[in-house]
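Work through the two exercises below with the sequence and the model at hand. Each task is followed by its solution in steps.

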Amino acid sequence: MRRERDRLSVEWVKLELLRTAYATRGGLLAGRDPRVVIGWYLILAVVPWFTHNVTVLAGLFVVCAAAVVLSRVGPLILGLFVIGFVLEGLYVLFAAWLFGGDASTVLAMAEFTLKLATVSLASMAAFVSLDPEKLSDALLSLHAPAMVSFGVSYGYRMLPVLMEEFHTVVDGHRLRAAPLASKGFLGWRVAVRTATTLVAAFYPLMLNTAKRTRTTVEALETRGFTYAAEHPDGRRIRLAALRADRWDALFLGATLALVAVCFTVGRAFPLLGGAV
Amino acid sequence: MTSTEAATGPGPADAPAVEVSDLAFRYPGADHDTLRGVDLRIERGDFVAVVGGNGSGKTTLCKTFNGLVPHYWSGTFEGRVRVLGRDTREVSVGALSHLVGYVYQDFGNQLVRPTVRDEVAFGPVNFGLPDHRERTDEAMELLGVAHLADRFTWQLSGGQQHLVALASVMALRPGVVVVDEPVAELDPARAARIYEVLEDLNRRLGTTVVVIEHHAEYVARYARSVVLMADGAPVWHLPTRAAMDRAEELERHGIPAPQVVRVARGLDPAAPPPLTVTEAADRLRSRHPHALPPDRRAVRVAGSEPTGETVAELAGVRHGYRGVGGDLSVVLDGLDLTLRDGERVALVGGNGAGKSTLLRLLTGLKVPREGTVRVGGTDTRTVRPNALADRVCHLYQRPEQMFLKDSVYEDVAMFPRGRGRTDTDTLVAEVLDRVGLSGLAGRDGRLLSGGQQRRATLAVGLATSPALLLLDEPTSSLDTASRDAVIAMLDALSGTIRCTVVATHDMHLVAEWAGRVLVLDGGRVAADTDPAGLFADTALMESVGLVAPEVTRLGLALGVEPPPLSVPELVSRLGGIPAEEVGERA
């Protein structure tokens with residue numbers, strides 16, 4: 001018996017991606033100036049690589065985890081992260097055992113995993129909080145080429161369109177492709193069918209999208225996109241809307257303070273690898 | 001004044017809006033001129049409709065106004081185009097966009113920014129205009145989309161997207177606006193709204209409006225002058241009434257005159273053409289002062305008890321979708337419906353009434369949240385969609401989404417070959433022949449014209465030999481000739497297919513083709529009737545945002561009961577020439 005599901009269905013994945021991309025859930029970082037959010041992200045993405053102290057790393061991990069909670073990261077992204085994290089942990093243990101390593105090997109690899117996890121958490125918190133407009137304005141203000149900042153916002157603009165197109169094409173295959181005689185051992189036929197459908201869906205998807213973009217490119221031309229690339233006025237107006245206030249300063253200050261606390265505590269109570 | 005404005009300026013005050021002299025244009029690599037010997041003058045403040053068959057050069061002509069031809073499409077360009085006194089070859093596309101705004105037929109793709117406000121502000125901000133904020137607010141206000149300012153553009157309905165696209169070009173305060181086929185992708189009520197907005201812009205701001213249009217009824221009602229294009233050049237440019245007087249000539253170029261014009265001509269070939277239903281009704285009333293008695297002969301056999309075998313059945317169906325906010329919007333609620341053998345069903349209702357959802361439930365791609373859907377006795381919950389596909393075929397609104405392979409032949413053959421039919425080749429050849437595409441079998445479906453694409457998807461559907469055929473808006477964005485071809489093909493299908501359901505906004509299709517009409521409203525079937533019954537119920541029509549064909553509205557205004565569905569029918573009932581002599585089709 002089939003039934004309509006609100007979770008773990010294709011519809012749900014589509015909605016989750018939209019919620020993530022367009023920061024519809026709000027949260028702590030969503031209210032901040034996008035440049036500050038990017039700055040915050042850069043701090044937490046870089047700092048973990050300067051230490052081997054597990055206490056410090058654990059502290060940073062907690063800070064980032066708290067940011068993830070406060071940024072209201074959705075279940076899909078979080079779920080994928082947890083699955084990835086657990087698999088990575090198992091892999092570390094397995095690899096250490098296979099290559100005859102000991103506790104120190106495990107520890108070294110676990111430390112690396114912890115760093116990666118911290119950076120991942122920071123990325124999730126930051127990018128879930130940036131909607132396409134904010135992200136493209138922030139990139140523009142950081143002197144990224146106009147093409148990059150526009151590309152980012154246009155990519156987001158195309159995301160729902162691409163998802164819809166893709167879903168429609170896959171549905172077409174579901175209806176019109178030959179039914180499978182049997183699922184095969186462990187459902188391998190289903191897996192093969194799914195994989196070939198995804199690949200086959202790519203060709204119509206790209207062609208249909210390419211046809212759409214012709215209008216877009218003409219429209220960009222008539223609306224001064226090229227003009228703006230050559231004249232600074234537009235950039236100035238666009239960036240005038242960006243204004244960091246004292247809450248942004250406070251937010252960055254608090255982040256730096258927390259990082260400092262992590263390092264202080266780490267120095268006082270080094271766990272395991274603290275000697276390095 | 002900024003440098004941009006100084007560069008473009010309003011131009012000489014007495015210059016016409018558009019002045020084309022001796023223009024010829026050929027796309028790079030093409031073997032003939034798309035435009036040739038074009039001479040055209042559009043006065044300031046005019047409301048011009050550009051009409052003509054497919055491939056007559058309408059769109060290319062309009063793209064010379066905003067400089068996309070020849071700046072962006074660099075072909076062979078001879079002659080001269082002046083817009084508000086400026087030669088388009090000497091001004092850049094960016095600068096010209098302050099003079100001419102352009103709204104595309106596929107307007108959804110011209111929206112490039114995430115939110116409505118950002119979209120409308122995009123032009124003014126790019127050009128660095130200091131008053132960009134006022135312009136943005138003004139344009140949104142002008143088109144009545146200010147309440148949508150913070151919405152994401154992909155959340156909007158088609159009609160709202162069109163208004164936003166129009167607002168975004170109006171933000172540059174152009175003197176000329178070109179709108180390419182606004183009716184093609186919108187339902188009649190929304191298309192009428194776009195035209196009212198354009199009329200308002202034209203009247204209040206004096207904006208010169210140029211529309212490319214296939215539908216003569218909108219031309220007659222809103223335009224002040226008409227340009228007929230054929231073979232890359234204007235045949236004539238006349239005031240609307242004089243243009244409608246040349247109904248036969250328009251018809252030869254694939255633009256059937258509005259139904260009111262044809263009724264008036266059917267009754268009195270010498271009379272000047274009426275442009276609106278009201279005008280036609282007033283004139284006919286003075287000619288036929290006696291109240292028109294109900295014509296008994298014309299009463300159709302309506303509401304006869306259904307007898308056919310059940311093809312599909314929905315009982316207590318409830319279905320809806322989750323939004324980005326996580327809320328469930330219920331589309332169908334407590335819907336009961338039986339579809340029977342031999343029926344031609346039109347499914348009508350406003351946007352979001354659940355027409356597409358109902359079709360998807362019948363294919364089994366979706367299963368209802370509550371209630372049951374049975375197709376040929378099988379509960380759709382118990383089988384996979386591809387098992388149901390043997391009985392049900394669904395043709396999408398946008399035909400290009402149905403092309404999964406790289407040739408029409410492969411697309412048509414996909415289903416029967418996959419099901420192991422040994423006679424696949426014969427079947428495909430037969431089906432392609434039937435839709436008249438045998439010669440194009442090797443082409444990629446995406447590269448065909450709109451009408452050919454639609455016929456190709458019909459071939460895909462026929463090759464599945466379904467008992468139940470579902471079509472979503474099969475006539476949208478087709479010109480009149482292709483539309484008639486599709487309707488004729490649907491007519492011819494009735495022998496092969498047991499039941500056909502068409503979800504549509506096209507009331508001409510309903511009038512000409514349907515036997516049974518289901519009106520969806522508030523999640524259930526609000527009315528189950530026939531075309532005449534639907535059009536007679538004006539309160540219902542209004543509440544679900546439908547507009548009856550002109551001839552029906554004219555008949556109702558004259559008190560003809562039951563309302564006429566075609567031009568010949570009304571003419572004969574008004575005592576003119578017998579129906580057979582007036583012509584075959586409304």
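Predicted model: local features only at pLDDT ≥ 70, side-chain atom pairs only at ≥ 80, totals over all residues.

**Exercise 1: a helix pair in chain A**

Solution. 

Step 1. Sorted by class, the contact between H4(A) and H5(A) holds 14 nonpolar, two polar and one charged residues.

Step 2. Helix H4 spans residues 75–98 of chain A and helix H5 residues 103–128 of chain A; their axes lie 10 Å apart at an angle of about 170 degrees.

**Exercise 2: the interface of chain B and chain A**

Task: Describe the contact between chain B and chain A by residues, buried area and polar pairs.

Solution. 

Step 1. Chain B contributes 74 residues to the contact and chain A contributes 56 residues.

Step 2. About 6,200 Å² is buried between the two chains, and carbon and sulfur atoms give 55% of this area.

Step 3. The interface has 11 salt bridges. One salt bridge joins the side chains of Asp118(B) and Arg238(A), at 3.7 Å from N to O.

Step 4. On the side of chain B that touches chain A, helix H5 (residues 116–126) of chain B gives the most, with six residues. By class, that side of chain B has 28 nonpolar, 27 polar and 19 charged residues.

How values were computed:
Residues numbered from 1 in each chain as written. Chains lettered and ligands numbered in written order. Heavy atoms only, no water. Axes fitted to C-alpha atoms, helices over the stretch in contact; angles between N-to-C directions. Helix = DSSP H or I, 4+ residues; strand = E, 2+ residues; numbered from the N terminus. Nonpolar A, V, L, I, M, F, W, Y, C, P; charged D, E, K, R; others polar. Contact = heavy atoms within 4.5 Å. Buried area = accessible area lost by both parts, 1.4 Å probe. Salt bridge = Lys/Arg side-chain N within 4 Å of Asp/Glu carboxyl O. Polar contact = N/O pair within 3.5 Å; in protein donor to acceptor, adjacent residues only side chain to side chain.
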